[in-house]
Amino acid sequence: MTATPRVLIGHGTENDFVVLPDPDGSGWAGERLDAAMVRRLCDRRAGLGGDGVLRLVRSAHVPDAADVLGPELAACEWFMDHRNADGSYAEMCGNGIRLFLHALIEEGLLDRAACTDGVLVGTRGGPRRVGATADGAYWVDMGPATEFGHGSAELDGRTFSGRAVSMGNPHLASLTDVDVDTLDLSRAPRFDAELFPEGVNVELVNVVEPGAHIRLRVFERGVGETRSCGTGACAAAYAALADTGRTEGTVLVDVPGGRLSVQVDPRTTVLTGPAVLVSAGVLCQEWLGA
Ligand SMILES: N[C@@H](CCC[C@H](N)C(=O)O)C(=O)O
């Protein structure tokens with residue numbers, strides 16, 4: 001057995017990822033990380049398991065980075081090359097980008113002390129500033145929550161209506177009185193394809209304290225139910241504030257995998273939460289070659 005590419009496993013509030021360090025784009029992942037390989041890596045029985053894959057790579061080595069970042073390419077040394085577990089690309093991942101910065105620091109590619117004011121990271125939704133907090137967590141300036149309509153989704157035999165919100169990626173945030181812990185989210189939602197032509201992430205939200213504290217469960221596009229969704233937490237926090245007639249405030253968001261904090265104002269949204277690396281190892285040639 002030959003030891004081959006380095007691989008890390010980590011999570012942000014239990015939204016878990018396979019992380020592939022490939023700083024110079026010269027590693028195995030650049031060539032072989034297609035949709036089928038992402039699905040194999042994320043397979044919880046035959047692979048490593050995860051809600052998605054993050055490749056740690058410099059923007060200069062990502063062919064589509066220039067298309068999505070334009071003139072801001074030069075300001076983003078690093079690019080969060082993210083894929084959902086089904087192999088699809090997403091514009092943004094709020095838990096993934098915190099883990100991305102944590103992994104860059106732990107791999108010795110960035111100095112934590114230099115990240116306090118944040119570093120700009122390229123994503124397929126554009127550049128995002130992400131930084132380290134004094135207590136070991138991470139914050140991300142996610143950009144503004146943009147409401148683009150009102151829609152509904154059918155899940156577990158019920159119809160949930162709510163606000164359509166873009167965090168770069170599409171969300172339906174539905175505030176409901178149905179206890180979200182009682183729902184069966186094992187099947188994909190039906191939704192309005194005209195409102196969500198690219199698919200949608202669905203957040204089902206219980207209000208704990210109006211405009212201040214919510215809890216949610218989420219069914220993610222390209223993944224299924226996950227234990228957390230950072231962009232979903234932002235969309236839900238925006239919707240919870242809007243429900244009280246406000247456009248700004250700080251909302252605590254409890255997800256099955258932990259707690260996030262979301263600061264909303266009309267200009268932007270700041271997501272704060274943990275990032276954890278669980279293990280580091282190598283992919284075996286035997287598995288790669290199969
Ligand atoms: N878990 C992520 C969101 C990942 C992308 C999403 N599934 C989509 O396709 O839009 C997060 O933490 O934001």
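## Around the ligand

The residues of the shell around the ligand split into 4 nonpolar, 11 polar and 2 charged. In this count Ala, Val, Leu, Ile, Met, Phe, Trp, Tyr, Cys and Pro are nonpolar, Asp, Glu, Lys and Arg are charged, and the others, Gly among them, are polar. This is a predicted model, where local features need pLDDT of at least 70 and side-chain atom pairs count only at pLDDT 80 or more, while totals for chains, interfaces and linings use all residues. Residue numbers start from 1 along each chain as its sequence is written.

In total, 17 residues surround the ligand, and the closest are Ala90, Asn95, Asn169, Gly230 and Thr231. A residue makes the list if its C-beta atom, placed from the backbone, lies within 6 Å of the molecule. Two helices, α4 (94-106) and α5 (230-243), each supply at least two residues of the shell. The largest share, 3 residues, comes from α4. As for domains, the shell draws at least three residues from each of domain 1 and domain 2.

## Two domains

Here's how the chain is divided: domain 1 covers 3-142 + 275-289, and domain 2 covers 146-267. Those bounds come from an automatic or database domain assignment. The C-alpha centres of the two domains lie 24 Å apart. Their contact takes 19 residues from domain 1 and 19 residues from domain 2, with two residues in contact if their C-beta atoms, placed from the backbone, lie within 7 Å. On the domain 1 side, the residues touching domain 2 are 5 nonpolar, 10 polar and 4 charged.

## The nonpolar core

Nonpolar side chains tend to be buried together in soluble globular proteins. Here, the largest nonpolar core has 77 residues. Such a core is a set of buried Ala, Val, Leu, Ile, Met, Phe, Trp, Tyr and Cys residues joined through C-beta atoms within 7 Å. Buried means 20 or more other C-beta atoms within 10 Å of the residue's own, exposed means 12 or fewer, and partly exposed is in between, with C-beta atoms placed from the backbone. The residues with the most contacts inside this core are Phe100, Ala233, Cys234, Ala236, Ala237 and Val253. Helix α5 gives the most to this core, with 9 residues. Both domain 1 and domain 2 give residues to this core, so it lies between them.

Take Ala237 as an example. Leaving aside neighbours within four places in sequence, Ala237 is in contact with Ile214, Val251, Val253, Val262 and Val264.

## Overall fold

The protein has 6 helices and 18 strands; these are DSSP runs numbered from the N terminus, with helices being H or I of at least four residues and strands E of at least two. Along the principal axes, the C-alpha atoms fill a box of roughly 55 × 40 × 35 Å.

Of the 290 residues, 44% count as buried. Among contacts between residues at least 6 apart in sequence, 66% join residues at least 24 apart.

## A loop with two positive phi angles

Thr13 sits in the loop between β1 (3-12) and β2 (15-21). Thr13 has a positive phi of about 45°, although it is not a glycine. It counts as buried because it has 26 C-beta neighbours inside 10 Å.

Glu14 is also found in the loop between β1 and β2. The phi of Glu14 is near 70°, a positive value in a residue other than glycine. With 16 other C-beta atoms within 10 Å, Glu14 is partly exposed.
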